Amino acid sequence: MIECPSCGRRQEPSLICVDCGSPLAAPLDCFAALGLSRKLTIDLDELERRYHELSRMIHPDRFASKGPKVRDASVRATATLTRSYRTLRDPVARGLYWLELNGEKLGENNKRVPPEVAELVFEVQEQIAEMQLSTDPEAAHELATQIAARRIQLQFTMDESLAELERHFAKWDQPADKKMLILELKTILSNIAYLRTLIRDVDRALDNSKAA
Amino acid sequence: MSRIFGIDLGTTNSLIAAMEGGAPCVIAVGEKGSALLPSVVAIAPDGAVTVGERAIEMEPHLTVERDGRVSAVGFAGGEYGAVIRSVKRYMGLGGDEIAPEDRARYTFADLSGPVVRFQIGKRVFTPSQISAEILRALKDGAERALGKDEKIERVVITVPAYFNDGQRQATKDAGRLASLEVVRLVNEPTAASLAYGLNKMAAGNVAVFDFGGGTFDISILSIKEGIFEVLATNGDTHLGGDDIDRALVDWLLAELPGTLKLDRHVWNSARMAAEDAKKRLTDIAETDIVVELPGHSIRKHLTRDALEQMAAPLIARTLKRCELAVADAKLTPANIDAVVLVGGSTRMPLVRRRVAEMFHREPLCSIDPDQVVALGAAVQASVLMGTQGDMLLLDVVPLSLGIETMGGVMERLIHRNTTIPTSVAEGFTTAVDNQTHVDIHVLQGERELAKDCRSLARFKLGPIQAQSAGVPRIEVAFLIDANGILNVNARDERTGREHSVDVKPSYGLTDDEIERMLEEAIDLGEQDLEERLLISARNDAEQILGALRKQLGEYGRLVTAGERARMDEVVERLEAARTGTDRELIAKLVEELNEVTTPFAERIMDAAIKLALEKKSVEELS
């Protein structure tokens, strides 16, 4: 139970006081903050609509002339809302958050490169190293062209993995073995994490070679 | 409750605006009814402050006198008093961040501290104090213009979107020092989008290209049903029209010996000439630039093409920032439905061409680019007063925030372009047994290593009850408020007890220092406005008396006995009045003296021209 700083009413945690409509700084999970049930499949338009509607009600701009307690509650409530929206809007952040809610982490046992992307990762990293060490500008240029082509391939693989993630989310709406699902979710998220790092490295290497 | 006003505290000019009958309007604060108050502050050796147009006149520069000679005038800095221009460039900077060329321009006090301090006479001034003078001048000017005894107490101040925490804090401090309640800091490009009334657009993406005197910002916004959501922002707080002027000055003074180039009088005269020429070339294709030096003049011809060649690398830098911002917003230039131009530097035809090329559309520029930010600030002020219906601004933090971890690595806790307010909680524990404190170093920036990021603050968590390593659990909440400013809170997870966190900012002023400055300001400001006006009137008197003495010495033969007697009589009364405190009397006598000396001044002018013509004809003959 929490207490409204404005009217004093004690109530269940939420972002808005049931009595007076003042913002409340309550500890809430991302789904609860946006008034959603805990489901991995999310309609993004509906999510944005709720986010905008709640922002209109609790944003600090609405309470600029109120006392410090209400202003402070508004800043905290909006911070919670914003963080929740950003987490749920991005499928990868949502998946990672889902693991967290289930007491799991991608963390430590993720050191091994997933076999699905291992070959790609090693090949590209080798090419990047070769390009960076190359003293012959023409050879370096040739490698940069090859890596740029790889970049396109990587993006396709990334898009595939993201689509797979969305398909996986739907599985949680059906009755299934939770342990299996968690394992599958971890595998997909770990592939994506590797691809993200790789794409970032490629972009950086290509930027550097352009600058040189 | 009193109205909230919108202030654009700009690098070159500052403005104040408010809603009048549902539309934002700038308030005429300038002496000639202008809304633009030049952000120039002159401080005399005795501490008297002048802001705006009259401060520009006191800038050290070379002037061609009535007799044709060139002489140096103005406050040359340090003990001679100083004129501070573009103070916004120094907001939130530490002493070690001052560039060598700035050191040639101004006299600074000890540069080892966390705040830049200008040395003027026997006193030192921080950039926040100088900015507070600009804010005060806006406030006084607007209150005069509004009449009706309306007081300006609550304001929204705009800042470049790319301002870091320290620069924002310094701006808020300036407001406090000017006795204003800063209800909100708003990002300039975001404010500009409000001024254009783009909320009438059903849904779409907008790019705001804000190229001012000293800063560049690009913001990408998504607008939907009155909600302005900033998707990404990028920029450079040290890139603006000033840099184009500097490039021009370097070119103008290229042939001069080094010592002369650094002379504050010469440099400023060249800068004024360069700025004028740059503005002229917006409308015409070529122009002449003349800088008069003692015994020598620099005369160069400048075409718009040549100017554009000099400006091109700077404009290329702005476009690179645009690309980054559009990519961060997960958009392409083709997704942008409207482009808004803000800032005086967007008047340059080259800027308009490049922006149009990049976004494949003609940018919007129907609102004066010098006023659009202040007008938007007034709209945001009315949002804060609750009189703008459903309109709401969701802005972002421009730079990532993190902490230094093992090995000097920056661990990002809040990523750049995250909507604010936002918060993140991080758990901390001890590394060795019976450790009673944990040191936390907060950073802002995008680089991997702590040393390459900007240090925001350091604080000590504790005292922690002595326990085995790893047992204590302290949760630290980093909260960025709607102004983009960081607040830190710590809580012991087991006891639930709040720890007080004594955050020591790496740059900027501590609360104690602000308090002290406020007290000083109150001490000094007791007679406040009245005293300032008196000092200013006395300075005027001194100036005219000095000038007259000099002219009588050189051209005494041009005065009739009757005129001389009347002059002497007024001079005597003014000399007496100027030691007193009746400023209206002083002002009246200055005016009177001006009147009785006018015929004399005209005769001097005639004589000077005649002399110059005679000389010329002699030269032509020989």
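This is a predicted model: local features need pLDDT of at least 70, side-chain atom pairs count only at pLDDT 80 or more; totals for chains, interfaces and linings use all residues.
Residues are numbered from 1 along each chain as its sequence is written, and chains are lettered from A in the order in which they are written. Local features need pLDDT of at least 70 and side-chain atom pairs count only at pLDDT 80 or more, while totals for chains, interfaces and linings use all residues.

Student: At what angle do the axes of α6(B) and α8(B) cross?
Tutor: Helices here are DSSP runs (H or I, at least four residues), numbered from the N terminus. Axes are lines fitted to C-alpha atoms over the stretch in contact, with angles from 0 to 180 degrees between N-to-C directions. α6 (residues 241-252) and α8 (residues 264-280) of chain B have axes that come within 9 Å, and the crossing is roughly 115°.

Student: Which helix gives the largest share of the side of chain A that touches chain B?
Tutor: Contact means C-beta atoms, placed from the backbone, within 7 Å; that way, 14 residues of chain A meet 18 of chain B. On that side of chain A, α2 (44-58) and α3 (68-89) each supply at least two residues. The largest share, six residues, belongs to α3(A).

Student: Why does Val570(B) count as partly exposed?
Tutor: Val570(B) sits in helix α14 (residues 561-578) of chain B, and its contacts beyond four places in sequence are Leu589(B), Glu592(B), Leu593(B) and Val596(B). Buried takes 20 or more other C-beta atoms within 10 Å, exposed 12 or fewer, and partly exposed lies in between, with C-beta atoms placed from the backbone. Val570(B) is partly exposed because its C-beta neighbours inside 10 Å number 19.

Definitions and conventions: Two residues are in contact if their C-beta atoms, placed from the backbone, lie within 7 Å.
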